[in-house]
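Visitor: Hi, I have a new structure to look at. Can you walk me through it?

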Protein chains: 2
Amino acid sequence: MTKYWINGVLADQVSINDRGLSYGDGLFETIAVIDGKPHLFDQHMERLQIGLDRLKFPEGTIEAVKNDIQALSFSGNQTLKLTVTRGLGERGYKLPATCVPARIISLSDSADFAQQRQQGVSVRLCQQRLGLNPVLAGIKHLNRLEQVLARSEWSDPDIAEGFVSDLDGNLVEGTMSNLFWVQDGVLYTPKIDLSGVKGVMRDRLIVLANELSVEVIEGGYPESVLDSAEEVFICNSLIGIWPVITIDGKPLNIGPITRDLQLLLSKEMSC
Amino acid sequence: MTKYWINGVLADQVSINDRGLSYGDGLFETIAVIDGKPHLFDQHMERLQIGLDRLKFPEGTIEAVKNDIQALSFSGNQTLKLTVTRGLGERGYKLPATCVPARIISLSDSADFAQQRQQGVSVRLCQQRLGLNPVLAGIKHLNRLEQVLARSEWSDPDIAEGFVSDLDGNLVEGTMSNLFWVQDGVLYTPKIDLSGVKGVMRDRLIVLANELSVEVIEGGYPESVLDSAEEVFICNSLIGIWPVITIDGKPLNIGPITRDLQLLLSKEMSC
């Protein structure tokens, strides 16, 4: 069962004049609640703050979000989704003279991903390209049509994810995840400076790889680097790490760096 | 006073699980109702259909929208806004197994733009760049953060519009309008193939220019072309044509092609 709050009050509808609906004028975060505690909460709030700054939201917005969350009761493993929109607006792009952001929260039971984490998943390469825009890159804003279109390319339930590249031909991310691959013992991941979402789990895994003394390189690479990759995995805040066992049908092994990172992550995600 | 309908019923709130809010997964049209009749209605429906196809909305969506509109009573000069979202969805980008689009309509009194049409307006050049994405270019989708950010660059009420260029440095549009300029008797306007909205009024004015035997060239041009322009104007479905009389303070004259197009347009917009 999912519960919903808007601005701290139980509610599940917004005005059709909310700028989140009109223009995608807002941001969101999806957080894993583990054993009653939001995982990587500070990191999610840091990314949200970067987005709020980038979109010129008023001061104090993040404090209101944190107050909302402090008022919630968590239990066990849940999924916490926060959406912050610019709130009500007249027709037109101009920011409201007085901006009162809408804080939308949903809290639901979490799914069990033990099988995907253990056995790995199949992925595909998407046709859809991501546009380039440094101002919107990295933050988790509500303008997500590119992800919707990429995800619409397949319906086969055995394909868990699709990788998307940008207009320049550089690999960026999965539709709902970030990706890593291993080559000659080095861990690679796309840099997220022109498109894509800079995942909280992505950044956490870079820290954990450092703890394992695994070198991590962020850069711009074409899809073809995956042909010779020794290991490939995807990650996000909810799924943790899913090893990739096929890309467009081509098989891959689940390797030691993937398993070591999963082990390290399991100590904080208890998974 | 503004009236609102959702799926043909008076209502002004949507579920927070509507994908229009979650992902900007939808499209909109803003139509001038003139003397009780939606202006350029067929053209608006054509652009909406292009967007619905591009975003893979189900067949029959446009017919439902048209039915909604046929059920309305128009009077005098009004503003009709249509929004079509993908409707309810679970968390995640995957299209719902059964997609039931939400059709949101608002009908309000129209503003009077006689002064801007007659005397012209001041515009500025925006810093914000538009990203490049051919799949989303042209259609009027709900992912409009770039326009929001461009419009947030100024608050001076004497500046009516800001011109934005794309990442390649080509002029694209105003935040809420398309733009045209005259050089050596030829009418120029940016092509809308990598970013921007292909305005219904923009396309109408290309037709009207042809009726006036004015050559129209669509292409990629940097902002600097405006330095030597003989006339500049902006347009959209509501404002009609507004001559531009200053760009970043530099004065421009209102020229004969602008006035001739305004005269021709006034015969159908009665303005």
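Guide: One term to begin with. A helix crossing is left-handed if the near helix is turned anticlockwise from the far one by less than a right angle, and right-handed if clockwise. Helices (H or I, at least four residues) and strands (E, at least two) are DSSP runs, numbered from the N terminus.

Visitor: Which way does α2(A) pass α3(A), left-handed or right-handed?

Guide: The crossing of α2(A) and α3(A) is right-handed. This is a predicted model: local features need pLDDT of at least 70, side-chain atom pairs count only at pLDDT 80 or more, and totals for chains, interfaces and linings use all residues. Residues are numbered from 1 along each chain as its sequence is written, with chains lettered from A and ligands numbered from 1 in the order in which they are written.

Visitor: At what angle do the axes of α2(A) and α3(A) cross?

Guide: Roughly 145°. The axes of α2(A), residues 41–54, and α3(A), residues 61–70, come within 10 Å. Axes are lines fitted to C-alpha atoms, for helices over the stretch in contact, and angles run from 0 to 180 degrees between N-to-C directions.

Visitor: Which residues make the contact?

Guide: From α2(A), A:Met45, A:Leu48, A:Gln49 and A:Leu52. From α3(A), A:Thr61, A:Ile62 and A:Lys66. Contact means that C-beta atoms, placed from the backbone, lie within 7 Å.

Visitor: New topic. How many residues of chain B are in contact with chain A?

Guide: 39 residues of chain B, and they touch 39 residues of chain A. On the chain B side, β3 (13–15), α1 (19–23) and α5 (145–151) each give two or more residues. α5(B) gives the most, with 6 residues.

Visitor: What about strands across the interface?

Guide: β3(A), residues 13–15, is joined to β3(B) by 3 bridges, and the two run antiparallel. Strands pair if DSSP finds at least two bridges between them. A:Val14 has B:Val14 as its bridge partner.

Visitor: How are the two chains related?

Guide: A rotation of 180° with 0.0 Å of shift along its axis superposes chain B on chain A, with RMSD 0.0 Å. That is the relation of a two-fold axis.

Visitor: Last one. What is in chain A?

Guide: Chain A has 7 helices and 16 strands. Its C-alpha atoms fill a box of roughly 55 × 40 × 35 Å, taken along the principal axes.

Note on methods. Two residues are in contact if their C-beta atoms, placed from the backbone, lie within 7 Å. Copies are superposed by least squares on the C-alpha atoms of residues with pLDDT of at least 70 in both.
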